[in-house]
Amino acid sequence: MIHWAGRIEKELEKVLQHVTGTQQMRSIYNEKKSQFEIKRNNPKDLVERVARDISKLLNSKRKALEKLAREAEQLQKEHVWQDGVTDGEEESLLESSSPVELEFVDDPNFKNKVNYSSSAVQIPTDIYKGSPVILNELNWTQALERVFIENRRDDSSLRWQVFGSATGVTRYYPATPWRAPNKIDLYDVRRRPLVHALLLLLCRSGSVSGLTLKLMKTSVVEMLDTLSDDDYVNVARVSGSLTQIFVVFIKQVVIKQRVGERHSAPTLAPRATCNKMIMMFTDGGEDRAQEIFEKYNWPNKTVRVFTFSVGQHNYDVTPLQWIACANKGYYFEIPSIGAIRINTQEYLDVLGRPMVLAGPRAKQVQWTNVYQDALGLGLVITGTMPVFNLTADTVSSQNQLILGVMGVDIAINEIKKKTPTYRLGANGYTYAIDPNGYVLLHPNLRPKPVTLDFLDAELEDSNKEEIRRQMIDGKSGQRKIKTLIKSVDEASLVLPTYSENHIKANLSDQILQVQYFESLLPNSFESEGHVFIAPREYCNDLELSNNNTEFLLNFIALMEKVTPDSKQCDNLLLHNLILDTGIIRQLVDKVWKNKDLNTYGFLAVFAATDGGVTRVFPNKASETWEEDPEPFNASYYRRSLDNKGYIFRAPYRTARDELLNPENDTIGILVSTAVEITIGGKNIKPAVVGVKLDLEAWTDKFKILASNHTDNRQGSNTCGPNRGCEMDCEANSDDLLCYLVDDGGFLIMSNQKDDWNKVGMFFSDVDPTLMYALYNNSFYKRKQSFDYQSVCERMPNSESGAAPRGVFVPTIADFVNVAWWTSAAQGGLLTEMSLSLSLCRLIHAKRINNTNLLFVVAEKLPCNTCEIEKHLPVKEENPCEELTVARYRKGPSTCFDYNIAENTSDCGRGHAFRPSLYTLLLIQLLLLYPAISPHVHLLLQ
């Protein structure tokens with residue numbers, strides 16, 4: 001078996017090196033070294049520049065926010081309230097807020113149809129649009145259009161500008177038809193983020209059942225929707241004394257903070273220090289817990305208490321009112337489903353009082369985490385600033401109501417433009433996180449509306465935990481680590497050692513530019529192979545397209561009008577693209593054209609470069625080429641750079657895929673390797689070359705190489721278990737199983753005819769017992785990871801299975817091997833040599849050197865004489881469950897939750913069944929009237 005493995009190694013090395021031209025390509029780079037220079041990437045300088053550019057971008061949006069908030073406060077202050085609005089005025093206001101009658105034009109910046117001359121308004125379905133409050137809101141906010149337009153004139157890069165009113169009205173600019181996420185539009189801007197430390201108390205007495213219990217559950221869900229990433233929440237089910245519950249919570253939140261134990265409290269997060277409150281949902285109660293509040297919460301009342309009387313009942317609610325009013329909270333009633341949404345969000349007005357009283361100090365911009373824009377802009381973050389009511393209050397000299405929140409969007413793609421994407425190579429990347437550790441920029445962040453923690457975007461380890469903590473604390477530094485990876489605020493850079501340098505082309509000779517450029521023209525494809533170019537923004541006027549042929553034609557048409565040195569173009573990208581085109585063209589002339597690929601069992605030969613060029617030879621092979629035209633996104637390219645030797649990859653298949661016919665279908669196995677060059681003592685990997693193997697031809701060659709004969713044999717002797725000669729993979733395919741499996745555990749090649757349709761499948765689906773034996777003997781290691789951006793989604797009738805291999809190694813069954821994503825210096829997860837002797841059959845395995853292949857030879861399992869080994873169950877983790885150890889987060893540095901001037905007299909109303917003295921006397925007279933009426937008549941007579 002060792003002899004067979006050696007023959008396979010030698011054949012692969014000889015043929016692949018001969019046909020791909022790896023050595024010749026190194027020579028070409030050395031010959032043309034006068035046409036480029038190797039520049040060093042300084043990680044510290046790059047990070048500082050990115051952070052500086054992003055900060056500049058955010059500050060420019062901050063100015064627009066400040067102007068909008070200032071103008072909105074003044075406009076509302078000058079507005080004259082109108083109690084009565086005529087039908088004509090009402091219709092006029094509602095029509096002016098509707099974008100239906102406007103003319104819209106397509107704007108690629110918004111990915112939408114917009115109208116720059118008007119703003120539009122969205123009002124939730126459950127709010128009456130004709131009420132005086134809404135109509136007055138529409139009236140004064142319409143004057144914001146002038147400010148919106150001025151802001152856009154000052155900064156053309158501004159995206160959506162939005163004012164969200166405390167009444168529920170959303171006015172946004174530029175105007176575009178509103179996209180309701182559901183048939184019923186319940187989007188409500190009032191669910192704005194404030195920082196909370198919240199305890200939810202749910203009463204579970206015997207009377208809480210049926211409709212009341214359903215109302216409580218729905219109310220809690222709606223309440224949780226008003227929270228943000230900075231909030232800290234606990235939920236308690238109350239079945240005993242409220243006094244005991246209040247003691248526990250208030251002691252933890254208030255007392256421990258007073259003695260400086262805030263960060264040592266095991267149940268508290270570091271950010272659980274702002275707007276501390278208790279929300280109690282109950283159907284009634286007599287316990288006021290007055291002595292507890294007096295002892296622990298008064299006189300400052302740092303913990304607010306909100307009480308909710310849920311359901312329709314006849315209990316006395318006076319104690320609930322008292323608890324709320326005595327602790328700077330509010331009392332609400334939720335008698336039915338329709339009252340839930342409005343009553344579970346109005347508590348935010350109470351929390352906003354100290355912020356308004358703080359005045360200009362509270363005018364701070366807060367940036368949201370990444371989310372999917374409802375109007376089609378893609379992934380965005382939003383800068384928000386509160387807008388205060390500056391009109392005088394009737395009770396106090398200063399109003400303490402928040403008018404609303406002003407917001408400005410920034411597209412994540414706009415932030416990405418501030419990062420040096422192509423200088424870092426395929427596997428280098430920039431990422432950024434916010435103070436909660438959530439990702440703002442990361443290559444694994446996908447356009448889904450899910451908050452993604454940095455440690456969930458990567459494969460978590462202690463090094464990354466420490467990096468994350470230091471970034472949250474705003475500390476700078478540099479660290480070199482060896483780790484596995486899956487593939488803001490604070491910015492960071494991941495740079496593999498081979499990407500510490502990058503090529504900068506210097507093509508000052510215009511004649512040379514033209515010569516190289518000619519090989520991009522379609523008329524050269526037939527003789528030199530098909531060219532795919534990465535869809536990058538080479539020039540401002542270049543029209544992008546998902547069809548690479550169309551994009552190439554757009555690129556050629558533009559190059560006929562401008563030069564690579566034009567100011568409207570990215571000179572680094574263009575010069576590198578043209579240089580790489582010339583280098584690959586020379587490789588085609590020197591090597592590829594002189595080879596008969598069919599003789600070697602190859603369907604195609606190809607090369608791809610950091611400059612963005614991919615050439616596939618011959619031209620007809622491009623018809624079945626399915627790899628990403630952007631090399632930095634192609635898995636074969638990224639894997640080849642991160643590993644030494646040849647990387648094999650079969651087209652991914654599952655057991656549910658349609659069966660293939662060997663006579664009609666051709667299966668190609670992609671084999672690739674990185675081209676590493678050293679110039680001036682600097683190492684770099686600027687390109688990847690490879691071939692596409694014809695599976696049928698190489699399966700025959702594989703069986704010959706793994707046999708006891710050579711290609712020149714005169715005949716073959718069939719050996720069996722009872723014969724004296726050694727069995728091999730060709731002559732004894734009925735008794736001997738021979739496989740080539742890649743480092744991800746996927747079948748690449750087999751000597752079994754029935755396995756034609758299993759090539760590309762996870763090996764556990766091909767031979768479960770053999771895969772388990774390999775795993776049990778440490779040929780493969782299990783590494784479990786979760787896709788936190790989709791794992792908790794509700795997928796109707798979905799079947800769990802493997803995902804196609806792209807940037808990620810798939811998790812299938814209970815095995816995951818991510819060896820191909822390690823650096824070669826780590827020593828792969830495939831062992832060099834091992835032998836496993838089972839009670840039922842003999843298994844040999846050997847790693848094929850300089851590849852990612854494992855050669856496995858095993859006897860067929862004698863099912864009649866041996867019980868099949870069962871796959872041992874592995875305890876699966878539930879990724880949706882709470883983490884056992886809370887991750888480090890850092891909320892806002894300032895908090896506005898207390899002001900001595902706060903007016904707390906408005907704390908809600910309820911129906912207490914304690915009638916007044918006048919009412920009691922009237923009832924008594926009515927009851928006594930029949931008895932005393934005869935005497936009254938006598939007196940009157």
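1. Over the ring of which residue does the charged end of Arg152 sit? The ring is that of Tyr116, with the charged end 3.4 Å from its centre; a charge counts as over a ring if NZ of Lys or CZ of Arg is within 6 Å of the ring centre and within 35 degrees of the ring normal. Tyr116 also belongs to an aromatic cluster, together with Phe110, Phe148, Trp160, Tyr172, Tyr173 and Trp178.

2. A word on the basis: this is a predicted model, where local features need pLDDT of at least 70, side-chain atom pairs count only at pLDDT 80 or more, and totals for chains, interfaces and linings use all residues. Residues are numbered from 1 along each chain as its sequence is written, and side-chain values use heavy atoms, leaving out hydrogens and water.

3. The mean pLDDT (the predictor's confidence in each residue, from 0 to 100) is 79, and 75% of residues reach 70 or more. Over residues 793-839 the pLDDT is below 50.

4. Phe517 and Phe555 make a tilted aromatic pair, 6.3 Å centre to centre with 45 degrees between the planes (ring centres of Phe, Tyr or Trp, its six-membered ring, within 6.5 Å; planes under 30 degrees apart are stacked, over 60 edge-to-face, the rest tilted). Phe517 lies in helix H17 and Phe555 in helix H19, 38 residues apart (helices are DSSP runs of H or I, at least four residues; strands are E, at least two; both numbered from the N terminus). Both Phe517 and Phe555 are buried, meaning under 20% relative accessible area with a 1.4 Å probe, protein chains only.

Conventions: Contact = heavy atoms within 4.5 Å. Buried < 20%, exposed > 50% of the residue type's maximum accessible area, 1.4 Å probe, protein only.
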